[in-house]
Amino acid sequence: VLTTTRLLSSDLIADFGMDDGHLIPLTLAEPEIARHLHHGDTVNIVSAIEESDDISVPTRGSTIARGARVVSVGTGETDARTHTLLVALPAEAAEAVAAASLAQPITVVIVGDRAHS
């Protein structure tokens with residue numbers, strides 16, 4: 001079924017109220033998270049900070065960007081959701097996320113309305 005959420009246009013970002021929004025594709029470190037995401041979800045983008053070489057010390061998370069909006073979740077040939085995600089962010093945050101995704105695994109935390117239902 002062809003819907004407006006499957007078409008890439010400036011309307012996708014405008015609907016989220018972002019004047020300078022940029023679209024950024026993400027590959028998630030935990031691919032199974034993608035199946036729980038839907039167009040319009042609000043997420044924070046997080047990476048891990050290694051604070052110690054001691055494996056008994058837990059790794060702490062670092063939020064790279066807040067308030068990203070999910071534009072689409074990639075689909076494979078069998079129509080199963082994959083771990084590729086397209087999100088909208090303001091320009092500066094999009095660049096920070098793009099740079100971080102090249103150097104470390106990233107994931108998302110659902111923080112919008114669906115997280116509080």
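**Serine 47 and its surroundings**

A: The side chain of serine 47 makes a polar contact with the side chain of glutamine 104, at 2.9 Å; a polar contact is a pair of N or O atoms within 3.5 Å, where within protein one must be able to donate a hydrogen and the other to accept it, and residues adjacent in sequence count only if both atoms are side-chain atoms. This is a predicted model, in which local features need pLDDT of at least 70 and side-chain atom pairs count only at pLDDT 80 or more, while totals for chains, interfaces and linings use all residues. Residues are numbered from 1 along each chain as its sequence is written, and side-chain values use heavy atoms, with hydrogens and water left out.

Serine 47 lies in strand E2, where strands (E, at least two residues) and helices (H or I, at least four) are DSSP runs numbered from the N terminus. Serine 47 counts as buried because its relative accessibility is 5%, and buried means under 20% relative accessible area, exposed over 50% and partly exposed in between, with a 1.4 Å probe and protein chains only. Leaving aside residues up to four places away in sequence, serine 47 touches Arg60, Gly61, Ser62, Ile64, Gln104, Pro105 and Ile106, a contact being heavy atoms within 4.5 Å.

In soluble globular proteins, nonpolar side chains tend to be buried together.

Leucine 37 is buried, since its relative accessible area is 0%. Aspartate 41, in the loop between E1 and E2, is linked with arginine 114, 73 residues apart in the chain: their side chains meet in a salt bridge at 2.8 Å, N to O. A salt bridge is a side-chain nitrogen of Lys or Arg within 4 Å of a carboxyl oxygen of Asp or Glu, and a search of the whole structure finds one. Aspartate 41 is buried at 7%, while arginine 114 counts as partly exposed at 40%.
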